[in-house]
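Me: I have a structure open and would like to go through it slowly. Could you help me read it?

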Amino acid sequence: MAVAEAELEAIRPPVRVNWTPYLLVLPTLFFLGLFFIYPMTQAIWLGITDPQSGAFTWAHFQRMSADLYFRDAIRFTLIITALAVPLQVLLGLAVALLVNSRFRGHSAFLYLTALPIGISDLAAGLIWLSIFTERGYLNAALQGLGFIQNPLIFLTYENRDWLLTAIVLTEVWRATAIVMVILLAGLQLIPRDYVETAGVFGAGRWQTLRHVILPLLRPSLQTALIIRTILAFQLFGTVVTLAGRQIPVLAGEAYFWYSIYRSPNVASAYAVLILLFSGTITWLYLRLLRIKEEEIKA
Amino acid sequence: MRLRSLAIYSAALAISAWVALPLVLIAIAAFTPRDILYQWPRPFWPEKFTLDTIRFFLRSTGVWQSTLNSVFVAGLTIVLAFAIAAPAGYAVARFRFRGRDALQLAILTTKMFPATVLSIPLAVAFIRWRLYDTLLGVAIVHTALSIPFVTVIVTSVFIGISYELEEAAMTLGSSRLQAFFRVTLPMALPGLAASAIFTFVLSWNEVFASTILTLNNRTLPALIIDSVLGQGAPLHFRFAGGFFMIVPALIIIFLIRRYLLTLWGVTVR
């Protein structure tokens with residue numbers, strides 16, 4: 001017997017770490033470290049040190065906040081985010097639910113509504129410029145229907161509400177697709193039995209959506225909200241093609257400070273600001289959504 | 001039940017129109033003769049179409065070269081992203097190892113990372129490393145941005161291919177590497193191709209980093225931003241440019257439609 005046990009011991013290998021996965025993961029870790037973590041720390045470093053002496057200074061942040069465009073950039077970034085993101089989530093949810101209802105032709109519908117994923121903010125801005133510009137399609141349509149004699153000018157500094165409307169519409173048009181895809185993937189993870197069970201117990205479609213589907217979809221909604229909000233803070237192409245600098249936004253200011261005023265330091269200060277905004281909003285979302293869950297339990 | 005399907009179809013129709021109409025309009029604008037674009041009253045339908053607007057765009061200074069640059073950068077990005085991220089994706093799919101969840105979370109976080117924040121400090125570093133205003137530099141940043149997507153899709157592709165087949169090949173006497181290259185890889189190719197194609201779109205569309213990191217060697221989006229903001233390019237240039245930029249994207253999204261859900265569908269839990 002003792003012999004057999006000894007043999008077993010010999011067969012069972014000592015706990016050994018398999019290094020293969022670590023080796024395979026190493027290039028990614030190295031690359032992300034070099035091109036994500038290094039630039040992030042470097043952005044902060046550039047924002048708070050003097051380019052000549054390397055000494056600590058608030059000068060760049062002061063220059064940034066003293067700039068005429070600074071307050072407007074923060075204000076408009078937040079306004080656009082607050083208007084566009086909820087609309088994207090609502091419309092994205094509607095499209096995802098429609099696709100998930102599997103009506104005839106739903107796959108063509110999915111492809112069509114997912115198309116904007118392949119369209120850049122720059123191209124989307126140019127597309128909507130063809131609609132909102134002075135001799136654009138919107139004026140052509142209004143004139144054709146007999147509402148106006150002369151073209152209305154939508155994209156002008158005097159009419160910032162229209163500028164904002166154009167930007168928000170473009171953003172909703174372009175980025176709803178991403179929200180939709182995230183939510184649709186989430187919807188498909190929900191087992192069909194749950195919905196059927198709710199039906200068996202007499203829940204209507206609306207009740208099923210409200211009390212079964214939406215709570216189960218919460219992780220996806222959370223992801224969609226966080227991704228879209230963070231990307232909204234980086235808004236650049238859409239805004240500069242439709243409004244130039246008439247609607248200043250944070251990423252746009254970073255660009256102007258870097259390439260026109262040739263100040264990487266102030267541009268970095270803006271980058272740090274965007275980073276802070278993104279971090280804060282993620283934290284807020286995670287907190288707020290968690291508290292809600294406890295309310296439901298209680 | 002009738003009413004419900006009527007509601008579904010009308011909603012689907014309305015949303016389809018909302019998505020498709022701007023695409024149709026920019027296509028019309030890109031083929032509308034120049035003088036009609038500036039005419040008032042502006043006709044909605046131009047009666048006759050022309051290639052002049054597109055031709056004008058393609059012949060503008062730098063457009064052709066920057067298109068080639070964009071394609072080159074995108075190609076390089078695909079190569080780099082695969083060389084770096086595909087092994088990681090394979091590891092996550094095939095091995096249970098300590099730190100696997102943390103790695104997946106880290107990769108997901110980088111997907112949300114602001115490209116804006118990366119570009120400016122990297123421009124400063126690239127000047128020092130002699131990568132500023134080079135296509136390689138742009139490709140490196142695009143690689144960093146596409147690694148999360150490549151890892152996620154490669155993982156899902158390999159999870160979809162049963163490991164038993166690989167094991168069977170190994171019991172029949174092939175080595176682990178042979179089993180991978182002869183058995184698993186051929187089956188993984190369509191999925192890998194889809195993620196390569198998506199990487200292409202990502203790079204082709206990227207605006208901010210390429211604008212910041214180049215000066216003379218512009219990619220197409222950087223050139224368009226420059227000519228719109230710097231030189232106030234005419235409207236017909238902008239419309240033709242917008243149309244030209246979305247054409248490859250439309251074809252490509254069609255090619256990878258099966259994988260759309262995988263690309264974005266991973267959620268934080």
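Me: Does Glu47(B) count as buried or exposed, and why?

Reply: Glu47(B) counts as exposed because it has 8 C-beta neighbours inside 10 Å; a residue is called exposed if 12 or fewer other C-beta atoms lie within 10 Å of its own, buried if there are 20 or more, and partly exposed in between, with the C-beta atoms placed from the backbone. Before we go on, please keep in mind that this is a predicted model, in which local features need pLDDT of at least 70, side-chain atom pairs count only at pLDDT 80 or more, and totals for chains, interfaces and linings use all residues. Residues are numbered from 1 along each chain as its sequence is written, while chains are lettered from A and ligands numbered from 1 in the order in which they are written.

Me: Where is Glu47(B), then?

Reply: Glu47(B) sits in the loop between H2 and H3 of chain B, where helices (H or I, at least four residues) and strands (E, at least two) are DSSP runs numbered from the N terminus. The phi of Glu47(B) is near 65°, a positive value in a residue other than glycine.

Me: And which bond in chain B is a cis peptide bond?

Reply: The bond that joins Trp40(B) and Pro41(B) is cis, with omega about 0°, and Pro41(B) is found in the loop between helix H2 (34-37) and helix H3 (52-59) of chain B. As background, most residues other than glycine have a negative phi, and most peptide bonds are trans.

Me: How many helices and strands does chain B have?

Reply: Chain B has 13 helices and zero strands, and its C-alpha trace spans about 75 × 65 × 35 Å along the principal axes. Of the 269 residues of chain B, 46% count as buried.

Me: Why does Ser146(B) count as buried?

Reply: Ser146(B) counts as buried because it has 28 C-beta neighbours inside 10 Å, and it lies in helix H7 (residues 135-159) of chain B. Leaving aside neighbours within four places in sequence, Ser146(B) is in contact with Thr77(B), Ala81(B), Thr199(B), Leu202(B) and Ser203(B), where contact requires that the C-beta atoms of two residues, placed from the backbone, lie within 7 Å.

Me: Changing topic, how many residues of chain A are in contact with chain B?

Reply: On the chain A side there are 82 residues, in contact with 79 residues of chain B. The largest share of that side of chain A, 16 residues, comes from helix H2 (residues 20-48) of chain A.

Me: Where is the kink in H2(A)?

Reply: A kink of about 35° lies at Leu26(A), shortly before the proline Pro27(A); the bend at a residue is the angle between axes fitted to the seven residues ending there and the seven starting there. The buried residues of H2(A) include Val25(A), Thr28(A), Phe31(A) and Leu32(A).

Me: Last one, what pLDDT does chain B average?

Reply: Chain B averages a pLDDT of 87, and 97% of the residues score at least 70, pLDDT being the predictor's confidence in each residue, from 0 to 100. Among the elements of chain B, helix H13 (residues 260-264) has the lowest mean pLDDT (71), whereas helix H4 (residues 63-94) has the highest (94). The model scores ipTM 0.88 and pTM 0.88.
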